[in-house]
Structures are given as structure tokens and as C-alpha cells.
Amino acid sequence: MNDPTYGQFPYRPADVPPEPAEPPRAGPACDPVAVALGNASLLPIGYLLLGRWRPAAVWVVGTVWLLALVASTAGTRYEVVLLLWWAAGTAHGWLLARRRAERGVRRGQRMGALAAAVAVLLTAVLLRVDAYGIEDRVDEARASGDCRTAVAAQGEVWFGHRLAGAPVVGPGDAVVDACRRLERAASTLADAGRDGNTDDLQRGFRILTDVLNEPGNERTVRTVLDTFLDGLPTGDSCDTADLTGWLRDREPTRDVLDRSADTAARTEPAALVGCGDDLMAEDAWQQARARYQQLLDAYPDHARADEARGGVKKATLVIELDTVRRLVEETSGMESGYCDAPAKYSGAPPYRKGSNRALFLGDGEYTDRLPGGWRTDDPAKAALVVCAGAAENGTAVETCSYENEKSAYFPHQVTFHKVKIPLEVYELRTGKRVGPRQVQIGGGSCPRVLHYEYYGPYDLGPGDQLVSTATSDVRDAFRPVVRP
């Protein structure tokens, strides 16, 4: 026991290395359950308890990014990814905490972490349940065709609902979008109803078709369509006729939009008759006749078809008479106006045996001497239109010798002719040519003294002459024309 170091230092062989010192802990010791619960709140509480700032930052960035994806896309797959991220973060925090866990339980850490996790998860559950309730109301409103209520219900959705239940509230956004488009369609159809604009009508139906092609929108589309159809007929018959005509000609699509054809069949006939009557009152006879004819073409057996036939007949007569009046006004001779392009007036009196009143056109030198009972200036009252040309030499009647002081030794031989009037006679009711192509008027010839114009020393005397006619002669010549 002479070793001076005995009792002062522990014995250790010289070749044995010293025992390493225990490494310092990387952070405070934590309860693994508290850490796991802290991360389960989707907040970086667990990592903060461990003093692990880098994982905490990564956890915050990842969680925010995934929540943004879930809220913006409303995709279920991102919710699954978020759930996996939650589970991974919870497990990771628990594993990290176990490596340096203390003996015993830190109840304060556990209770705080548990409270945070419960608060976050309970809030998420409540928001999701509320989201289901909102979407139920949206679905019920859409099923009843009430877009206004559906949009109002979806308006209760806020950012929290989208974080906790984006896939739940996402379909409601589609409903709102469809309702907005239907609102635009309703406005377009209302414009069409006010103006009778079929372009607006076509645009409105195009929007309805697009929305109808998306499942679940049949009732809301029907509501918009019914509102428009209930507004027919409009206050303007012609506008209604335009709209219902488009609806009638629309190709069937075998869906709710085909209901418009029934409305067209119910309202179009009356609209066509009313429009025709309005146009007649405005002297738009061509358009009026076209409207009446539309009814006969589309609904030949309809109760108002007789009215349309009467309208067509009336419009046709007015059009024909207007044409005849215009041609008469343009007539200045046998080569113009009515005489050049005869037209019919179906409402004219029939051309028959007996007396027929005539409208005399052309040269009136002789026709103006006819009795008033034979004549008329109103095309609506004439049975005939007589176009008279200028007088010509007709059949020779008699040749007489005349002399004067300058031609005592050379008497003039003067031949007298009947007055020939070229004629074109038309039956006004048919526009066809009838009657003689000329008349010859007889009269007196070879008067004792013949007066004529003298034109100088080389004038050989009077040439052929027309007989002198009396009113009775003119009447006798034209009698076969107006009284066949």
C-alpha cells in the first residue's frame, strides 16, 4: 500500500481510452403524446415543443399550400393528400419526441396540445357539417327550379367552408354559375319578347341548351323557359308571329325545350291573323297577305283558317287594284302603262252580254264623246279597259271632185274614209284581251265645200279625208265594244 495515488483516483489501465461524455440533448425533452397532438392540430405546435424550427416552417408551408389547393380546386384527391400529410406530421412528431422522451407524463403539454387539436378538428367538422346543410338547401332549390334561393344559399359559403369542405361546396359553385347564365338567358328572352327579335330568341335558347346539357339543371331551365312562354302572346301581333314562327320551325331536341312548340301552336294562328289585320290597316298589303298565307300553310285546318283565307283574298284584291291604278296613271298612249302591261283586278265587275262600263285610255279624241254611262274613271268600277290609238284612214266611202279658182282646169279627186280607231280591249277581271281590235266610225262625206289649208303654189290640193262624224256615229261604232 505504498502507492501514493491509492484512494485518490480510480484505477485505469494506461491503454484503455476514457469513456466519452454524454452528448448534449438537441432540445428540451417533451412528451411524445403532446408533440403528436400538437402536430395533429395542423399547427406546428409539436415541432415548436421540440424546438425544431426548420420542420415547423416546412410543416406550415406544406399545410398552407395543401389547404389552398383544397379550397381552390375542391378536389377530393387533395383532401386525401392533406389527410396523409396530417397523419405523416403527427407520426413524425411522435417519433422525434420518443428519441429524447423524459420519464413521466407532462400533463400540461398534453392538455394544451389536445385542446388545440380538438379546437381545430372540431371547427373543421362543424364547418363541414354546415357545408353539407348549405348544399342540401342549394340542391333542394335547384330541384324546385328556384335559382334565386339556390344562389342565396350558396352565398352563405365563406372561406372556412372551403377549407373544411371544398368538395362539398364546390358543386354549389357550379349551380350558381348555371343560374347566372340562366339569368342572362332570361334577360335575352325578355328582350326578344319586347322587340320580336328572333336573333335574341336564338341566343337565349342557345344558353338554355348549354345549361341543360349539364346534369341537374332541367327544372331551373324549365322555370326560365316557362316565364318566357307565359309572356306569349306579346302586345304586338307581328312580334308574336315572328317569335312563334321561330319556335315552330325550331328543330326538336327531345328535352324540356320542346315545350315551346306547343306554345307556338297555341298562339301563332291568332298572332298571324292579328298581324295581317294590322298590316292591312297600315296599307302594307304584300306583308299582310304573306302573314295570312303563313297561317294557311302551317295550320290549314285551324279554326281561324277561314279568316286567313278572307284576308288573303282581301289583300290580293287591294294589291291588284293598286297595281291597276298605278299602271293607269302611267298610261300616256298605247305603248305605255296599262296598255303596254295589262294586269288583272279580280274584284272588277264581270264582262258579260249587255252593258259594260269601260275605262278608256290612250287617244281620247273620239272616246271622250261617248256617253257617261259607258265610261268610268274609277278602275274599281270598270269591267273593261279600252286603249284607243290615234285615228287613221279606214274604209273608203266616196270619192268626189273639187275645184277652185286656181285649179279650174284640174279638179282635185278627194276620197273620204271612215275613221279607223285601233283598239286594245281588256277584260279587267282577268287582264285578258277581248273585243275588236279596231272600230270604224262612219259619217258624212263629199261636203259641198271642202276647206283645207293651202301651203303654196306647189300644193296639189287636199288629200284623202276622214268622214265628218256625229256623236251618234261614234256611239254606234263603239257600241259593240261595251255592249257585246
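Colleague: Why does D31 count as buried?

Modeller: Its relative accessibility is 4%. Buried means under 20% relative accessible area, exposed over 50%, and partly exposed in between, with a 1.4 Å probe and protein chains only. At 4%, D31 therefore counts as buried. D31 lies in the segment before α1 (32-40). Its C-alpha atom is 9.3 Å from that of L50, 19 residues away along the chain.

Colleague: What are the ground rules?

Modeller: This is a predicted model, in which local features need pLDDT of at least 70, side-chain atom pairs count only at pLDDT 80 or more, and totals for chains, interfaces and linings use all residues. Residues are numbered from 1 along each chain as its sequence is written, and side-chain values use heavy atoms, with hydrogens and water left out.

Colleague: What pLDDT does the chain average?

Modeller: The average is 84, and 83% of the residues score at least 70. pLDDT is the predictor's confidence in each residue, from 0 to 100.

Colleague: Where is pLDDT below 50, and how many contacts does that stretch have?

Modeller: Residues 1-11 are below 50, with one contact in the model beyond near neighbours in sequence. Residues 21-26 also stay under 50. For them the model has three contacts beyond four places in sequence. Contact means heavy atoms within 4.5 Å.

Colleague: How many helices and strands are in the chain?

Modeller: There are 15 helices and seven strands. Helices (H or I, at least four residues) and strands (E, at least two) are DSSP runs, numbered from the N terminus. Buried residues make up 41% of the 484 residues. Of the contacts between residues at least 6 apart in sequence, 65% join residues at least 24 apart.

Colleague: How do you know that the span of α13 agrees with its number of residues?

Modeller: The expected span is 1.5 Å times one less than the number of residues. Helix α13 (residues 305-329) has 25 residues, so it should span 36 Å. Its end C-alpha atoms are 36 Å apart, which agrees.

Colleague: Which elements do the buried residues of α13 pack against?

Modeller: They pack against α11 (259-281), α12 (285-298), α14 (337-340) and β1 (358-362). The buried residues of α13 include A308, V312, A315, I319 and E320.

Colleague: What makes the crossing of α10 and α11 left-handed?

Modeller: A crossing is left-handed if the near helix is turned anticlockwise from the far one by less than a right angle, and right-handed if clockwise. α10 passes α11 in a left-handed crossing. The contact includes T240, A241 and L247 of α10 and A264, E268 and L272 of α11. Its residues divide into eight nonpolar, seven polar and three charged. Here Ala, Val, Leu, Ile, Met, Phe, Trp, Tyr, Cys and Pro count as nonpolar, Asp, Glu, Lys and Arg as charged, and the others, Gly among them, as polar.

Colleague: At what angle do the axes of α10 and α11 cross?

Modeller: The axes of helix α10 (residues 237-249) and α11 cross at roughly 145° and come within 7 Å. Axes are lines fitted to C-alpha atoms, for helices over the stretch in contact, and angles run from 0 to 180 degrees between N-to-C directions.

Colleague: Why is K381 called partly exposed?

Modeller: Its relative accessibility is 49%, so K381 counts as partly exposed. K381 is in the loop between β1 and β2 (384-388). It touches P349, R357 and T376, leaving out residues up to four places away in sequence. The C-alpha atoms of K381 and R357 are separated by 7.4 Å.

Colleague: Why does D283 count as exposed?

Modeller: D283 has 51% relative accessibility, so it counts as exposed. D283 sits in the loop between α11 and α12. Its phi is positive, about 65°, although it is not a glycine.

Colleague: And why is C446 called buried?

Modeller: C446 has 19% relative accessibility, so it counts as buried. Its phi is near 50°, positive in a residue other than glycine. C446 lies in the loop between β6 (438-441) and β7 (465-466).

Colleague: What makes L359 buried?

Modeller: Relative accessibility is 3%, so L359 counts as buried. L359 is in strand β1. Beyond four places in sequence, its contacts include V328, T376 and V385. The C-alpha atoms of L359 and V385, 26 residues apart along the chain, are separated by 4.7 Å.

Colleague: Which residues does the cis peptide bond join?

Modeller: L232 and P233, with omega about 0°. P233 is in the loop between α9 (218-230) and α10.
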